[in-house]
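Trainee: I am new to this structure and would like a close look at a single part of it. Could you pick one spot and walk me outwards from there?

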Amino acid sequence: GTAKTNLNSALISANHADINQRQEYGMMPFLNEVDPLINAKLLELNPAQQAASAITYLQSRLITKEVYVKLNIGFDPWQDMISIPYLEDQKLIGVKYSRLSNEGSKYLNAVGSKTIAYNSSSIQNQSYAIICEGEMDVLAILSNSDYTAVCGIAGASNNPDPLMFEAMSKIYIAADQDEVGEQASARWAEILGPDRCYRMTFDAKDINDWFVACKELEALTFSD
């Protein structure tokens, strides 16, 4: 009745106030408050002008609409960040946020997020896999190549789960081309078995930068 309606309204108001307070002090939302599908629809349909900045950024990184729609990449207007959902058995277990501006930390997670390999479902029952450090690297490979079995290890400091790769004959490691990336590459190969691991090298810091550089070079080479 009326009492129940008022109680629900009070809970909703309190929840919104709590979210606003956390945002005011730079705290991230809890995972159970997040609906990445709404964020994804906002980005896909672009009904709000503020989503244009996220679309422009993804395009500048050569991430295609086909890929970011398929993986439910979204835009969170509350945070002014790109949202990257993590799924396990089709269940939402985490959301990482990528900041569009250069202020503060580049990446943040919803409170309560679980860390697993990003896009891990793509490597199930495959004979090969490409593993990267970050989500944007995964999106770039999916957008600019025919390879589909691509996952991210959520940073060079994390390690792959060998059980996910035990049936594979070839594993291509596309870690960043810096000292930290080299250390991660060597460590991942040791964990997964050096006889089947192949280090990918490219003339850029990471493979996303490499795709962008190749595109710029192609435009420069073939421009009138």
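Mentor: Let's start at Tyr86, which counts as buried because its relative accessibility is 5%. Buried here means under 20% relative accessible area, exposed means over 50%, and partly exposed is in between (1.4 Å probe, protein chains only). Before going on, please keep in mind that this is a predicted model, where local features need pLDDT of at least 70 and side-chain atom pairs count only at pLDDT 80 or more, while totals for chains, interfaces and linings use all residues. Residues are numbered from 1 along each chain as its sequence is written, and side-chain values use heavy atoms, leaving out hydrogens and water.

The rule gives five aromatic pairs. In one of them, the ring centres of Tyr86 and Tyr118 are 5.2 Å apart and the planes meet at 55°, so this pair is tilted. It joins distant parts of the chain, since Tyr86 sits in strand E2 (residues 81-88) and Tyr118 in the loop between strand E4 (107-109) and E5, 32 residues apart. Helices (H or I, at least four residues) and strands (E, at least two) are DSSP runs, numbered from the N terminus.

Tyr118 leads us into the largest nonpolar core. Such a core is a set of buried Ala, Val, Leu, Ile, Met, Phe, Trp, Tyr and Cys residues joined through side-chain atoms within 4.5 Å. This one has 50 residues, and Tyr118 is among those touching the most other members, along with Ile73, Ile131, Leu139 and Phe165. Helix H5 (residues 135-144) gives the largest share, six residues. In general, nonpolar side chains tend to be buried together in soluble globular proteins.

Setting aside residues up to four places away in sequence, Leu139 touches Ile63, Val67, Leu71, Ile73 and Tyr118, where contact means heavy atoms within 4.5 Å.

Beyond its neighbours within four places in sequence, Asn208 is in contact with Arg61, Met136, Asp137 and Ala140.

Helix H6 is worth a look as well: Gly181, Ala184, Ser185, Trp188, Ala189 and Leu192 are buried there. Down the axis of H6 they fall within an arc of 130°, so they line one face of the helix; the arc is that of the directions from the helix axis to the C-beta atoms. On the other side of H6, Glu179 and Glu190 are exposed. The buried residues of H6 pack against strands E5 (128-132), E7 (170-174) and E8 (197-199).

To step back, the chain has seven helices and eight strands, and 42% of its 224 residues count as buried.

Definitions and conventions: Rings of Phe, Tyr and Trp (its six-membered ring) pair if their centres lie within 6.5 Å; planes under 30 degrees apart count as stacked, over 60 as edge-to-face and the rest as tilted.
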